[in-house]
Structure formats: C-alpha cells, structure tokens
Amino acid sequence: MAGKRETKQERLMRMTERERPLWEAGALVGGVDEAGRGPLAGPVVAACVVMPPEPLLPDINDSKKVAEKKREALCEEILRCAVSVGVGVASVEEIETLNIKQAARLAMKRAIELAKPARVFVDAERDLDVSVPQEGIVHGDAVSYSIAAASIVAKVTRDRMMLELDAQYPQYGFAQHKGYGTQAHYEALRAYGPCPAHRRLFIRSAFAPK
C-alpha cells in the first residue's frame with residue numbers, strides 16, 4: 001500500500017522544524033537559496049528571505065515543485081509577508097571570472113547583507129563569507145520553510161531578468177527556456193552565435209567534442 005500523501009499542514013510543520021525554536025527565541029532567521037547555476041546564459045541570482053512565524057503561507061515549497069504561475073503569485077505573497085528580503089546577483093562577467101560556484105556564493109553573500117538576518121539557513125552551501133551564524137542544509141529548499149521561500153524569490157527574480165534579456169535578444173528564446181540548454185537554445189546558438197548574456201565557458205563546454 002502506498003504511503004499517505006503529505007498534507008499542506010503536515011508539510012508546513014515538517015518544513016518549519018528548524019525555524020520554530022529560533023522564532024520562539026525571537027531570532028530573525030533567513031533562508032538562502034540561488035537560481036541559475038546551470039544555464040548557458042544570464043546571471044546567477046540569490047535570495048535571503050526572513051519569514052515571520054505567523055502567518056505561515058501554506059503553499060510555500062521548493063520552487064521546482066511549484067508551477068510557474070503559482071510561483072509568481074507566491075513570490076508576491078512572500079514579499080508582502082516577509083520581515084526582510086535581500087536579492088543578490090552575480091553577473092555573467094563575475095561567473096566567467098570566478099567560476100559558477102564562487103559567483104553563486106557571492107550572490108548569496110550580497111543577499112544576506114541586504115536582508116540583515118540574525119542567522120541563516122543556506123541551501124547546500126557552507127562557510128559563506130558573512131558575519132552571521134550560518135547552517136548549510138543539503139536539499140534545504142525541500143526541508144526548510146525559509147529556504148523554500150528564498151528559492152521562490154530567487155527563481156522568480158531570475159526568470160524576470162531573463163524576460164528582459166529576451167526583449168533585447170529575442171532570437172535565442174530566453175523567455176521560454178530561461179537560458180538553459182534546450183535543443184532550441186542550442187540551435188539558436190549555432191545559427192546566431194553567442195550574445196553578451198551568454199556564459200562563454202559554459203558554451204565552450206557544451207559544444208566541446210564528447
């Protein structure tokens with residue numbers, strides 16, 4: 001017999017297990033996540049979101065598990081409800097100079113410095129160069145309410161940036177694939193070559209002989 005499907009309330013209780021003791025102590029805890037490590041184009045964007053203990057938003061979940069329209073609406077709810085939100089961006093130039101991992105960490109640092117939490121839960125990263133206490137949590141966007149909220153803000157913010165790039169460079173289809181390496185994106189790259197929004201090192205790797 002298949003296991004019982006988790007209700008929204010059960011998920012909320014599970015995903016706030018780490019936050020609740022801190023909330024009870026009056027601590028402002030920020031969740032930190034990023035979007036855009038894997039694409040061939042566009043920046044990497046991180047968010048640090050400090051959510052209050054009440055009200056809990058029942059639809060908060062890992063951004064990858066939330067449909068695009070719902071994600072957009074949830075992002076607006078989070079922005080209205082949050083105690084503070086910081087968004088950090090690392091540019092294509094910084095990705096090329098630092099490498100994607102270090103650029104993502106830089107974006108996270110920028111987001112934390114803007115949100116000013118008392119401590120942070122970070123998705124999959126640790127030892128960030130910030131002054132607040134931090135805890136890295138593997139698959140944090142699936143197990144921490146605060147990190148899940150940050151994953152939604154980071155994803156929606158980056159998607160909106162890719163829509164702006166689509167208006168500048170419509171031939172690549174950024175509005176559809178958000179810079180990821182789809183077949184249509186590869187075909188556009190073969191037809192037009194890269195634009196300034198493309199990560200040259202990623203493209204060289206993608207087109208390198210196997």
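A salt bridge is taken here as a side-chain nitrogen of Lys or Arg within 4 Å of a carboxyl oxygen of Asp or Glu. The structure is a predicted model, in which local features need pLDDT of at least 70, side-chain atom pairs count only at pLDDT 80 or more, and totals for chains, interfaces and linings use all residues. Residues are numbered from 1 along each chain as its sequence is written, and side-chain values use heavy atoms, with hydrogens and water left out.

The structure holds 18 salt bridges. One of them joins Lys 109 to Glu 113, with N and O 2.9 Å apart. Accessibility is given as relative accessible area: buried means under 20%, exposed over 50%, and partly exposed in between (1.4 Å probe, protein chains only). Lys 109 is partly exposed at 21%. Glu 113 is also partly exposed, at 43%.

Lys 70 and Asp 59 meet through their side chains at 2.9 Å, N to O. Lys 70 sits in helix H3, while Asp 59 lies in the loop between S2 and H3, eleven residues apart from it. Lys 70 is partly exposed, with a relative accessible area of 36%. Arg 105 pairs with Glu 125, and their closest N and O atoms are 2.8 Å apart. This pair also spans distant parts of the chain: Arg 105 is in helix H5, and Glu 125 is in the loop between S4 and S5, 20 residues apart. Arg 105 is buried at 17% relative accessibility. Glu 125 is buried at 4%. Both residues belong to a network of salt bridges that also takes in Glu 34, Arg 37 and Lys 101.

The strands form an open sheet. Five of them are arranged in the order S3-S2-S1-S4-S5, and the pairing is mixed. Strand S3 (84-90) and strand S5 (134-137) stand at the edges with a single partner strand each, so one side of each has no neighbour in the sheet. From one strand to the next, the twist averages 20 degrees. Strands count as paired if DSSP finds at least two bridges between them. S1 and strand S4 (residues 119-123) run parallel and are joined by four bridges. Within this pair, Gly 30 stands opposite Val 120 in S4. Helix H5 (residues 100-115) lies across S1, strand S2 (44-50), S3 and S4, and runs at about 150 degrees to S3. Such angles run from 0 to 180 degrees between N-to-C directions, with axes fitted as lines to C-alpha atoms, for helices over the stretch in contact.

Asp 33 is found in strand S1 (residues 29-35). Asp 33 is buried yet has no salt bridge. The nearest side chain of opposite charge, Lys 64, is 5.8 Å away. In this count, Lys and Arg are positive and Asp and Glu negative; His and the chain ends are not counted. Contact means heavy atoms within 4.5 Å. Beyond its neighbours within four places in sequence, Asp 33 is in contact with residues including Val 45, Met 108, Asp 123, Asp 141 and Ile 147.

Several backbone features stand out. Most residues other than glycine have a negative phi, and most peptide bonds are trans. The peptide bond from Glu 54 to Pro 55 is cis, with omega near -5 degrees. Pro 55 lies in the loop between S2 and helix H3 (68-81). Asn 99 has a positive phi, near 95 degrees. Asn 99 falls in the loop between helix H4 (92-98) and H5, and is partly exposed at 40% relative accessible area. Ala 124 also has a positive phi, of about 70 degrees, although it is not a glycine. Ala 124 occupies the loop between S4 and S5 and is exposed, with a relative accessible area of 54%.

The cysteines form the last topic. A search of the whole structure finds zero disulfides, a disulfide being a pair of cysteine sulfur atoms within 2.5 Å. The cysteine sulfur closest to that of Cys 48 belongs to Cys 75 and is 14 Å away, too far for a bond. Cys 48 is buried, at 0% relative accessible area. Cys 195 is buried as well, at 3%.

How values were computed. Helices (H or I, at least four residues) and strands (E, at least two) are DSSP runs, numbered from the N terminus.
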